[in-house]
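Dear colleague,

I am passing on the structure we spoke about, and my notes on it follow below the view.

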Amino acid sequence: MNKKFLAVIGSAAVATAFWACGSGDIYEPTDNDLIFKEVMEQPGAVKSYCSDGMGCEGAFAVESSSSEEEDIFSSSSFPGNISSEKIDIGSSSSVIEIIPSIESSSSATLVTGLGSCAPIASPVDKNVAGAAQFKFVPNTTTSGYNATAFANATYDWNYGPNSSEPSGTAKNTSDKVTYSASGAVTASVTVTMKDGSSELITCKELQVNGDPITGCACTTDADGTVDYTATPDVTWSVTGCKSASAVNSYAWDGVAGTALTFTKTFTEAQAGWAPKLKVGNSDKTVIDVTCPAVKTSKGPEYQLTFEGDQIPSSSKLSVAMPFNLEACINVNFKWTNTGYQPTNISVLCDVTAAQNNPGLTMDVKYGTSTKSYKGDYNISNSGIALGAIASGVNDKGNVCVTIKGTAGGTAKCFFGN
């Protein structure tokens, strides 16, 4: 136990900078000695232990009601563990009390796993009043704590630099904060439970934007589904970004840089993949730009191909198409009639809804052309033109079809002219 020496004298003596007793030895009180001043000023709390003839006459304004030496403090007066002792300092008539420091019976415990913290919205703009706010989400599965325990907890927030609100206590949802400078901000919250246990939790990063970035457009050189065995590389490009501050960074899929293009080499079939693109400027603004997803397949996903001098009918050549997802048909054929080349060829589809479930739509894409069709129970002989036929091999690329129906149905696509 930590203990301290306090001479038992009058309250007026404690208030002075120095005091003496007995042989004249000087004792300088610390700041903590003044803690006991109010106690010593109470009637009967202090008794003179300095004998007559030692220069202490008249030093005490408070008299004890007992002629015996008394303990100034008792353990019943203070929380924690307190004991009192006396020690002789060289004279049979002069005694110093040993007054212990008050020790708390409990202390704060650091814990982990109380929860997580994140901004309610990100990014936000600088100098917009109250745009930023953080929320603590409790982990109610943490042993010993439930929703009620977290409701009674204390939350001390630190909002970081350039914030309008000083650090301080708020609810599990923080104050609304205005940031005067752009860039990434990291706030934190100290969660203290009623039992004294606590955890310092760093919030997920908040992006504060400065000058806005507008006009960005991301495109790809892929057309619908890509056969990665034939064309493994797909490239995306970003254009049109504008800002009052210089646009100076393009982070493709988490890799910082300044390139306006990004190429991925595919080695497997995927239902749809697109890079994540973040564009930044010199005012520390960062925005997300959405890029189109590309579907890849191992070989052609669907194939319409023939060789001859006549366009085959749907009864001779067609492919079944799925509902409620985009599917692409690779069109490739060899035309053997040198005396006649049709001026146009199309891919057409017939769609029938499931019984008693009306409501069909079909969207068809080829290159930069798109066609849309609607029907209750049927969409018949509808599709998109591919252009003229030449003698020899005609590689028309992909025709992509999306058919939707309330409960599905059947669909097939084929050549037409």
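What volume does the second largest pocket have? The second largest pocket comes to about 250 Å³, where a pocket is an open set of points on a 1 Å grid over the protein atoms alone, at which a 1.4 Å probe fits and which has protein on both sides within 12 Å along at least five of seven lines, and where a volume is the space filled by probe spheres set on the points, with grid points joined across faces, edges and corners.

Before going further, please note that this is a predicted model, in which local features need pLDDT of at least 70 and side-chain atom pairs count only at pLDDT 80 or more, while totals for chains, interfaces and linings use all residues. Residues are numbered from 1 along each chain as its sequence is written, and side-chain values use heavy atoms, with hydrogens and water left out.

**Pockets**

The second largest pocket is lined by 13 residues (lining residues have an atom within 4 Å of a point), and those nearest its centre are S122, E205, L206, Q207 and K278. Strands β14 (206-209) and β24 (286-289) each supply at least two residues of this lining, and β24 gives the largest share, three residues; strands here are DSSP runs of E with at least two residues, numbered from the N terminus.

The largest pocket has a volume of about 330 Å³, and of its 21 lining residues D223, T225, V226, D227 and N398 are the closest to its centre.

**Strand pairing**

Strand β30 (345-353) is mostly covered, since seven of its nine residues are buried, that is, under 20% relative accessible area with a 1.4 Å probe and protein chains only. β30 runs antiparallel to β33, to which seven bridges join it, and V351 stands opposite I379 in β33. β30 also pairs with β35 (409-416) in the antiparallel sense over eight bridges, where T352 has T410 as its bridge partner; two strands pair if DSSP finds at least two bridges between them.

Elsewhere, four strands form an open sheet in the order β10-β9-β12-β13, with antiparallel pairing. Because β10 (168-170) and β13 (198-202) stand at the edges with a single partner strand each, one side of each is left without a neighbour in the sheet. Within this sheet, β12 (188-192) and β13 run antiparallel and are joined by five bridges, and S188 has T202 in β13 as its bridge partner.

**Backbone details**

The peptide bond from S122 to P123 is cis, with omega near 5°, and P123 lies in the loop between β6 (115-119) and β7 (124-125). Two residues other than glycine have positive phi: D253, near 55°, in the loop between β20 (247-252) and β21 (261-265), and N381, at about 50°, in strand β33 (378-387). D253 counts as partly exposed at 39% relative accessibility, a class between the buried limit and 50%, whereas N381, at 51%, counts as exposed, the class over 50%.

Best regards
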